[in-house]
Amino acid sequence: MFTIEHEFDSTVVTLVDDGAAPLQEDVIINSFAEVITVEQYDPRSDTTVKISLSPEQARDLAAALDLPEGVYKLQRATPDSDG
């Protein structure tokens, strides 16, 4: 299950683990114009762990989820020069 909320300066996606036990803590993804943060509470250390991705890294991650093993470089499509 997941939720999507649109805040003033970001979109917040929360991933809720509703699978079989043992369940993991919620994952919160904040998508800003210049950075995407991924946060999850760690009950062992009683802290929230946060990583930051550039928009390009997030794009690459999304593409990687549907690709087989290998090394890839995504390129933006360019308009056809024929007009």
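With a relative accessibility of 17%, Asp 42 counts as buried (buried means under 20% relative accessible area, exposed over 50%, and partly exposed in between, using a 1.4 Å probe and protein chains only). The model examined here is predicted, so local features need pLDDT of at least 70 and side-chain atom pairs count only at pLDDT 80 or more, while totals for chains, interfaces and linings use all residues. Residues are numbered from 1 along each chain as its sequence is written, and side-chain values use heavy atoms, with hydrogens and water left out.

The side chain of Asp 42 meets that of Arg 44 in a salt bridge, at 3.3 Å from N to O. The term salt bridge refers to a side-chain nitrogen of Lys or Arg within 4 Å of a carboxyl oxygen of Asp or Glu. Arg 44 itself is exposed, at 79% relative accessibility. By this rule, three salt bridges are counted.

Another salt bridge pairs Lys 50 with Glu 39, and their closest N and O atoms are 3.8 Å apart. Lys 50 belongs to strand β5 (residues 47-53) and Glu 39 to strand β4 (residues 36-42), so the pair ties together parts that are eleven residues apart in sequence. Here, strands (E, at least two residues) and helices (H or I, at least four) are DSSP runs, numbered from the N terminus. Lys 50 counts as exposed, at 51% relative accessibility.

Arg 59 and Asp 60 also join their side chains in a salt bridge, at 2.9 Å from N to O. Arg 59 is partly exposed, with a relative accessible area of 33%, and Asp 60 counts as partly exposed at 35% relative accessibility.
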